[in-house]
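Reader: Could you walk me through how the helices and rings of this model are arranged? I would like to see the cut-offs along the way.

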Amino acid sequence: MGSKYTKRYTEEFKRDAIALVDSSGKTVTAVARELGISSESLRGWYRKAKADRGEGRSGELTSAEREEPRRLRKENREQQQTIEILKKATAFFVKENDR
């Protein structure tokens, strides 16, 4: 079982680790072992970096493509809240106008 605390790595550390895999000719597992990190973490970072460079597997999404649905869902949620506020305001003013 893993630790209940997840270790966070900086973007700079991730970039350096990916560059080390590219430049050293070593496997992801070997580089991860040298750095003392999980090979699965490094493998995920490496796969995302390749996709962002356009070198990923067919159909693999870039970071921007993965972020777009998240951004659109947030925008949709905000617009729905605005619509609800406007409906309530309209009902209020109609009610006031009838008095």
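Author: Happy to! This is a predicted model, so local features need pLDDT of at least 70 and side-chain atom pairs count only at pLDDT 80 or more, while totals for chains, interfaces and linings use all residues. Residues are numbered from 1 along each chain as its sequence is written, and side-chain values use heavy atoms, with hydrogens and water left out.

Reader: How are α1 and α2 oriented to each other?

Author: Helices here are DSSP runs (H or I, at least four residues), numbered from the N terminus. Axes are lines fitted to C-alpha atoms over the stretch in contact, with angles from 0 to 180 degrees between N-to-C directions; those of α1 (residues 11-24) and α2 come within 10 Å and cross at roughly 130 degrees. Angles under 35 degrees count as roughly parallel, over 145 as roughly antiparallel, 65 to 115 as roughly perpendicular and the rest as oblique. The two helices, α1 and α2, are therefore oblique.

Reader: Which residues of α2 meet α1?

Author: Contact means heavy atoms within 4.5 Å. On the α1 side the residues are F13, A17, L20, V21 and S24, and their partners in α2 are V28, V31 and L35.

Reader: How do the residues of that contact of α1 with α2 divide into nonpolar, polar and charged?

Author: Ala, Val, Leu, Ile, Met, Phe, Trp, Tyr, Cys and Pro count as nonpolar, Asp, Glu, Lys and Arg as charged, and the others, Gly among them, as polar. On that basis the contact of α1 with α2 has seven nonpolar, one polar and no charged.

Reader: Is the crossing of α2 and α3 left-handed or right-handed?

Author: The axes of α2 (residues 28-35) and α3 (residues 39-52) come within 8 Å and cross at roughly 120 degrees, and the two helices are therefore oblique to each other. A crossing is left-handed if the near helix is turned anticlockwise from the far one by less than a right angle, and right-handed if clockwise. For α2 and α3 the crossing is right-handed.

Reader: Which residues of α3 meet α2?

Author: From α2, the residues in this contact are V28, T29, V31 and A32. Their partners in α3 are S39, L42, R43 and Y46. Sorted by type, the contact of α2 with α3 has five nonpolar, two polar and one charged.

Reader: Now the rings: are Y9 and F13 stacked or edge-to-face?

Author: Rings of Phe, Tyr and Trp (its six-membered ring) pair if their centres lie within 6.5 Å; planes under 30 degrees apart count as stacked, over 60 as edge-to-face and the rest as tilted. The whole structure holds four aromatic pairs. For Y9 and F13 the centres are 5.0 Å apart and the planes at 20 degrees, so this pair is stacked.

Reader: And how about F92 and F93: stacked or edge-to-face?

Author: Their ring centres are 5.3 Å apart and the planes stand at 75 degrees, so F92 and F93 are edge-to-face.

Reader: Is F93 buried or exposed?

Author: Buried means under 20% relative accessible area, exposed over 50%, and partly exposed in between (1.4 Å probe, protein chains only). F92 has 46% and counts as partly exposed. At 56%, F93 counts as exposed.

Reader: How far apart are E40 and T27 in space?

Author: E40 lies in helix α3, and with a relative accessible area of 53% E40 is exposed. E40 and T27 are 13 residues apart in sequence, and their C-alpha to C-alpha distance is 12 Å.
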